Amino acid sequence: MAFKAGQNKEKSVIRDYLYIAPAVLLVAIYFISSILYTFFLSFHDWDGVNQMMFCGIDNYRSLFADSNFLISVGNTLIWVVSSLVISVLLPLLLAIMITKSSFAKLFTNVFYFPTAISATVSGVIMATLLSTYGIPYLFGLMGHPEMVKDWLAVPYVNTFVMILTGIWQGIGLNLVLYVAAFRNVDLSPVEAAMIDGVGAVKMYTKVILPLIRPTIIVVLLMSLVNSFKVFDGIWVMTKGGPYRSSETLALTMYEESFIYNRYGRGAAVAIVLTVVILIVSYFNLKNTFRED
Amino acid sequence: MKRELIAYALGTAILAGALTGCGASNAGSAGANDEASVLGAKTGTVELWNDKLNNTDQSAIDELTESASSLSGVNVSCVAYPDTASYQTALQQSITTADAPGLFTWWSGPQLMTLAESGNLADLTDIWNEYVVPNGVADSVKDSLTYDGKIYAVPYSIIYNMIIYNKNVFAENKIDVPTTFDELLAVCETLKSKGITPIALKNDSWAGFIWFQAMLAAYDPNLYQGVCDGSIAYTDDKVVEVMHIWQDMIDKGYFSEPMQITDMDKSLANGTVAMMLEPNYECKNLTNDYGMEPEEDMSVFVVPSMNGEKSIIFYEIAPLCVAENSGDKDSAKEVLKSWYTKENQTVFTNVTGFLCTSQVVSENATSNQMVSLTQDDSKYEMMLRYYENTNDAIRDVALDELMKFETKAATADDILPVIQKKADEVFGQ
């Protein structure tokens, strides 16, 4: 009997592995192999046509000596910090404000609407609005001719404009997550706090927000990873220009590989980006799992 | 049990799909190789890969491929990539195999030379002499397609850059077309005093060289060529002097803030900007999208020389190549034999707006005017534009630095040493 049970357990284990085998194989073939090849490529000098040449860590060394790469790192940090602060806090505040509103559904839909537009389309819309004949032109009519210029061509102003565009587009999803979390909050601790006469601010900071902490962490992680890999909006609006001043790491990776045909350097940027995201995600996930 | 069976079946199907998918790409390519190598020349089929026709209507592309097919007897199909980077990658991955397209467009200068040097391009010298030049393509452009004495491409398009100006603005302000550089400066001053921006600057990551090359060549064509080939430093006194002239023009407000090309067109059409240094295909856009009647509302002139020498017309050329390893190589060469006939080029010009041969004229009179100016050897000289005429590593640095200069983020004295540092690295090697 015990022998039969052991046999069944062994069968079950094999069956379990078979269940996950397709997914593991797909990930191995299409994902892990790509990472390994990118890692391999990052130690080579290759233009895509001629012979690949091993160059050791030259790609990494030249990257960190390249001012464009350092600007790109700086821009990526600006994106990450802005996204974390604004994309996490603003929807939270909005969700707090509209959850109790009679028009909660309407507000949620209004804020969610930009999420339905693709980043490319919103990029085109913003590029048109901010071009010489868009909003700047209106400023010219109002007596401010110095404002009549393509705002996306102004270095560093364009980065903040693009961040705002990204936030405008991404805010809806985070808002919906927060609203759903507020609606599913267990009311008994809230009611207990009310009986104890806790004020509104304390109610949120000490009771409700800790209750929706898992949602906040999800939003935080999503915003973090999205801000690291932001590409499409920037590509459509400025292509990283003028003079590569609005590039982020994702864009630098693409430009190095596919515009300048320096596949080794592009791969090195990809590896740097991957390592940074892994480190940040690791600490976040570790804290999440430890505390939950 | 039933659920388990379904799960097993689905898992196996996904796995099989994935594995055969991977294998299929190899098997498929091997099959295609065999088929191409065996059938390519016999069946006479050839693909024309490009990234130039992605905004063209399918009916127009069909018209072009039907024309090329019927004239050559080879079945031509067009593969238009929507994105330059993905196009380059796809081409680079296939160029060494028999799967490479018979015909494909590329970029002249270092990018063409890289492919030629690697032995991946077919020698088209015979076709050039027998079928290209006799059909009205300017023989002078072959230098930009030649490597080691052999011609490795024919022109898909030849584009000329000149100043397109608003004739109405010039007429209203009693301005004549300038024939010397001093006159050009005077025109700019007059326009500026009337509240009109003289010249539009383009906001694009690659566009920083447009006025740089024009200013250098206006000062001295040899100076331009020397800078391109590395025989003259970017920090040379003459280059510095030219940059200071340009800086002075920018400081005086002769150039607009950099703007998108659609805004440049709009500004030229509504008269808030009077001139822009752009290629001939822009005439078509100005007419079709902004209603500027050729030679009524707009015309062209060449940036005048600063010292009375011939003025320089910059051209860019998009090469059309045949892949050496392609299974369709012979068919592709067959297509090129009739590609420049008047019949095919008439269709080509109607579809693309590009003019390659003297046998065909465009529907746009201003575009034709540009081409006719190129044929006046007594006044003008043709030169390959900076983008394709210099080493790409130096060019990439120069484009960023020149854009900083145009946007007043840096001065000439800031940027020239930076570009020269890269030039020293490259030419030093």
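Start with Ala200(B). Leaving aside neighbours within four places in sequence, Ala200(B) is in contact with Ser256(B), Met259(B), Met264(B), Ser267(B), Leu268(B), Val273(B) and Met276(B); two residues are in contact if their C-beta atoms, placed from the backbone, lie within 7 Å. Ala200(B) sits in strand E7 of chain B, residues 197–200. Helices (H or I, at least four residues) and strands (E, at least two) are DSSP runs, numbered from the N terminus. Is Ala200(B) buried or exposed? Ala200(B) counts as buried because it has 27 C-beta neighbours inside 10 Å. The cut-offs are these: a residue is buried if 20 or more other C-beta atoms lie within 10 Å of its own, exposed if 12 or fewer, and partly exposed in between, with C-beta atoms placed from the backbone. For a distance, take Ser69(B): it is 131 residues from Ala200(B) along the chain, and the two C-alpha atoms are separated by 42 Å.

A word on provenance: this is a predicted model, in which local features need pLDDT of at least 70 and side-chain atom pairs count only at pLDDT 80 or more, while totals for chains, interfaces and linings use all residues. Residues are numbered from 1 along each chain as its sequence is written, and chains are lettered from A and ligands numbered from 1 in the order in which they are written.

Now the rest of chain B. Its secondary structure comes to 18 helices and 11 strands. Of its 429 residues, 47% count as buried. Among chain B contacts between residues at least 6 apart in sequence, 78% join residues at least 24 apart. Helix H8(B), residues 209–219, is mostly covered, with 11 of its 11 residues buried. Among them are Phe209(B), Trp211(B), Gln213(B) and Tyr219(B).

Next, the interface. How many residues of chain A are in contact with chain B? There are 26, and they meet 29 residues of chain B. On the chain A side, helix H1 (2–41) and helix H12 (249–259) each supply at least two residues. The largest share, 7 residues, comes from H1(A). By class, that side of chain A divides into 16 nonpolar, 5 polar and 5 charged. Here Ala, Val, Leu, Ile, Met, Phe, Trp, Tyr, Cys and Pro count as nonpolar, Asp, Glu, Lys and Arg as charged, and the others, Gly among them, as polar.

One residue to look at is Tyr243(A), in the loop between helix H11 (232–237) and H12 of chain A. Beyond its neighbours within four places in sequence, Tyr243(A) is in contact with Asp400(B), Met403(B) and Lys404(B). Tyr243(A) is buried, since 24 other C-beta atoms lie within 10 Å. Its C-alpha atom is separated by 9.6 Å from that of Ala153(A), 90 residues apart along the chain.

Staying in chain A, where do H3(A) and H4(A) touch? Leu94(A), Ile98(A) and Thr99(A) of H3(A) meet Ala104(A), Phe107(A), Thr108(A) and Phe111(A) of H4(A). That contact has 5 nonpolar, 2 polar and no charged residues.

Last, confidence, given as pLDDT, the predictor's confidence in each residue, from 0 to 100. Chain A has a mean pLDDT of 88, and 96% of its residues reach 70 or more. Within chain A, confidence is lowest in helix H13 (residues 263–291), at a mean of 84, and highest in strand E1 (residues 44–45), at 96.
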